[in-house]
Amino acid sequence: MLKKPGGDREMVEILALVLQHDEQAVLTAAELALAAGAPTKMHILNLLHRLVDGKPVDAPPVKPPNALTLTTVSGGENPRINGAVGLGPNGWRRQSAFSGAAR
């Protein structure tokens, strides 16, 4: 959290939550967010409000339907698609004769 811009401010705002909520609830919410791999202020606030309201904190596992399964990954190797988006055969964007030219 401290590695991203504004992370120090988010950390201070999380620490200030103990002024409005029970210290143990804030600590539990922060630990749950760390365990989930999402230590953000929004996630901690969400967990904290769920704890305070007595709602379940654990989200049920999500199993997407088969219709949403990705079957083909586009890697830019399709020349027809690359031509449509202006990419050359190596995946680099083509330079237009008019790009950067002042009119």
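Reader: How many helices and how many strands does the protein chain have?

Author: Helices (H or I, at least four residues) and strands (E, at least two) are DSSP runs, numbered from the N terminus. Here the protein chain has 4 helices and 0 strands. Along the sequence the pattern reads α-α-α-α. This is a predicted model: local features need pLDDT of at least 70, side-chain atom pairs count only at pLDDT 80 or more, and totals for chains, interfaces and linings use all residues. Residues are numbered from 1 along each chain as its sequence is written, and side-chain values use heavy atoms, with hydrogens and water left out.

Reader: What percentage of the residues in the protein chain is buried?

Author: Buried means under 20% relative accessible area, exposed over 50%, partly exposed in between (1.4 Å probe, protein chains only). In this chain of 103 residues, buried ones make up 14%.

Reader: What share of contacts joins residues at least 24 apart?

Author: A contact means heavy atoms within 4.5 Å. Take the contacts between residues at least 6 apart in sequence: 29% of them join residues at least 24 apart.

Reader: How far does α2 reach from its first C-alpha to its last?

Author: The expected span of a helix is 1.5 Å times one less than its number of residues. α2 has 14 residues and reaches 20 Å, close to the 20 Å expected.

Reader: Which residues of α2 are buried?

Author: A25, V26, A29 and A33 are. They cover an arc of only 100 degrees around the axis, so they sit on the same side of α2. The arc is that of the directions from the helix axis to the C-beta atoms. The face turned away from that buried side carries the exposed residues E23, L34 and A35. What covers the buried residues of α2 includes α1 and α3 (41–53). After α2 comes G37, with a positive phi near 80 degrees.

Reader: Which residues lie nearest the centre of the largest pocket?

Author: Start with the idea. Rolling a probe the size of a water molecule over the atoms shows where empty space is left. On a 1 Å grid over the protein atoms alone, a cavity is a set of points where a 1.4 Å probe fits but cannot get out; a pocket is an open set with protein on both sides within 12 Å along at least five of seven lines; lining residues have an atom within 4 Å of a point. Now the case. The lining has 12 residues, and M11, I14, L15, V26 and A30 lie nearest the centre.

Reader: Which helices each supply at least two residues of that lining?

Author: α1 (7–15) and α2 (23–36) do. The largest share, 5 residues, comes from α2.

Reader: Where is D58 placed, and is D58 buried or exposed?

Author: D58 is in the loop between α3 and α4 (79–85). D58 is exposed, with a relative accessible area of 68%. D58 and L32 are 26 residues apart along the chain, and their C-alpha atoms are separated by 9.4 Å.
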